[in-house]
Amino acid sequence: MVPRTVEDATIRDIVKRYATIYQLEEPLVYAVIHAESAFNPDAVSPAGARGLMQLMPGTALEMGVTDIFDPLQNVAGGTQYLSKMMELFHDKQLAVAAYN
């Protein structure tokens, strides 16, 4: 499989869009992407998490993601899930820990 190339501008646009929609700080979304996949849209963890924000297939399905490796869908699902964790825990550190 040839690694997919995603331009920085594309990721910036996607992060800006979904951070705004889900009322998250852009730096927080970037930090999660960096920690989870090092900005590799084709990343797969040993546990089976996939894509930029390392969504598990069940979580992706729950968030409405149909193509887990599509950066747009992956960030949309990941930010939606992170927002749910923020609502649940009302604490950034706990929300990020729960996300992981």
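## Two buried tyrosines

Tyr81 and Tyr99 are both buried. Buried means under 20% relative accessible area, exposed means over 50%, and partly exposed lies in between, with a 1.4 Å probe and protein chains only. This is a predicted model: local features need pLDDT of at least 70, side-chain atom pairs count only at pLDDT 80 or more, and totals for chains, interfaces and linings use all residues. Residues are numbered from 1 along each chain as its sequence is written, and side-chain values use heavy atoms, leaving out hydrogens and water.

## Aromatic pairs

Rings of Phe, Tyr and Trp (its six-membered ring) pair if their centres lie within 6.5 Å; planes under 30 degrees apart are stacked, over 60 edge-to-face, and the rest tilted. The count by this rule is two aromatic pairs. Tyr30 and Phe39 form a tilted pair, 6.5 Å centre to centre with 35° between the planes. Tyr30 has 22% relative accessibility, so Tyr30 counts as partly exposed. Phe39 has 30%, so Phe39 also counts as partly exposed.

The ring centres of Tyr81 and Tyr99 are 5.6 Å apart and their planes stand at 55°, so this pair is tilted. Tyr81 sits in helix H4 (residues 71-89) and Tyr99 in helix H5 (residues 92-99), so the pair ties together parts 18 residues apart in sequence.

## Ser83 in helix H4

Ser83 is placed in helix H4. Ser83 is buried, at 9% relative accessible area. Leaving aside residues up to four places away in sequence, Ser83 touches Tyr22 and Leu24. Contact means heavy atoms within 4.5 Å.

## The whole chain

The chain has five helices and zero strands. Helices (H or I, at least four residues) and strands (E, at least two) are DSSP runs, numbered from the N terminus. Along the sequence the pattern reads α-α-α-α-α. The radius of gyration is 12 Å, close to the 13 Å that the globule rule gives for 100 residues, so the chain is as compact as a globular protein of that length. That radius is taken over C-alpha atoms, and the rule is 2.2 Å times the number of residues to the power 0.38. The C-alpha atoms fill a box of roughly 40 × 30 × 25 Å along the principal axes.

Of the 100 residues, 41% count as buried. Among contacts with a separation of 6 or more, 37% come from residues 24 or more positions apart.
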